[in-house]
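This briefing sets out the main features of one protein model. Please read it alongside the sequence and structure shown here.

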Amino acid sequence: MAAIERTAQDIIVRPVISERSMDNLQQRKYTFRVMKNANKIEIAKAVEALFNGVKVEKVNTMTVRGRKRRQGRNEGYTPSWKKAIVTLTKDSKTIEFFDGMV
């Protein structure tokens, strides 16, 4: 079977905006929600393709489990998802989207 071609917009779902991710911006670490089946190489290429002038040094990934939630007497789980922390090289430019949030 032929491999399904995924674009950079498919791999990077959205940025993660939290206190911890904002604290990591000084170390040039950016946090994104990514596709569950994307690997580190695909994530690095997608970030470099989406944001011009950015060079990725390394990518750390983790799977976030869904949490148990209730609404009245009904209970279920939120969907699990994958998080990627992307570290940029020293000579790379920053990602403009995050610049106004610090």
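**Strand pairing and fold**

In strand β6, Ile85 is the bridge partner of Asn60. The model is a predicted one, and its protein chain contains four helices and six strands. The points below cover the sheet, the hairpin, the nonpolar core, the aromatic rings and the chain overall.

**The four-stranded sheet**

- Four strands form an open sheet in the order β1-β2-β6-β3, and their pairing is antiparallel.
- The edge positions belong to β1 (12-15) and β3 (56-64); each has a single partner strand, so one side of each is left without a neighbour in the sheet.
- From one strand to the next, the twist averages 30°.
- Eight bridges connect β3 with strand β6 (residues 81-88), and this pairing is antiparallel.
- Helix α3 (residues 40-50) lies across β1, β2, β3 and β6. The helix runs at about 120° to β3.

- Strand β4 (residues 68-71) and strand β5 (residues 74-77) run antiparallel and are joined by four bridges.
- Within this pairing, Gln71 stands opposite Asn74 in β5.
- Two residues lie between β4 and β5 in the hairpin. Gly72, in the turn, has a positive phi of about 70°.

**The nonpolar core**

- In soluble globular proteins, nonpolar side chains tend to be buried together.
- The largest nonpolar core in this model comprises 23 residues. Those with the most contacts inside this core are Ile12, Phe32, Ile43, Val47, Val86 and Ile95.
- Two or more residues of this core come from each of the elements α1 (8-11), β2, α3, β3 and β6.
- The element that gives the most to this core is α3, with four residues.
- Leaving aside residues up to four places away in sequence, Ile43 touches Ile11, Ile12, Val34, Ala38, Val59, Thr61, Ala84 and Val86.

**Aromatic rings**

- The structure contains four aromatic pairs.
- Tyr30 has a relative accessibility of 3% and so counts as buried. Phe98 is also buried, with a relative accessible area of 2%.
- Ring pairs join Tyr30, Phe32, Phe51, Phe97 and Phe98 into a cluster.

**The chain overall**

- Read from the N terminus, the elements of the protein chain follow the order α-β-α-β-α-β-β-β-β-α.
- Along the principal axes, the C-alpha atoms of the protein chain fill a box of roughly 55 × 45 × 20 Å.
- Of the 102 residues in the protein chain, 33% are buried.
- Among contacts in the protein chain with a separation of 6 or more, 62% are between residues 24 or more positions apart.
- The protein chain exposes about 7,400 Å², of which carbon and sulfur atoms supply 49%.

Note on methods: Residues are numbered from 1 along each chain as its sequence is written. This is a predicted model: local features need pLDDT of at least 70, side-chain atom pairs count only at pLDDT 80 or more; totals for chains, interfaces and linings use all residues. Side-chain values use heavy atoms; hydrogens and water are left out. Rings of Phe, Tyr and Trp (its six-membered ring) pair if their centres lie within 6.5 Å; planes under 30 degrees apart count as stacked, over 60 as edge-to-face and the rest as tilted. Buried means under 20% relative accessible area, exposed over 50%, partly exposed in between (1.4 Å probe, protein chains only). Two strands pair if DSSP finds at least two bridges between them. Axes are lines fitted to C-alpha atoms, for helices over the stretch in contact, and angles run from 0 to 180 degrees between N-to-C directions. Contact means heavy atoms within 4.5 Å. Accessible areas come from the Shrake-Rupley method with a 1.4 Å probe; for residues, only the protein chains shown count as cover. A nonpolar core is a set of buried Ala, Val, Leu, Ile, Met, Phe, Trp, Tyr and Cys residues joined through side-chain atoms within 4.5 Å.
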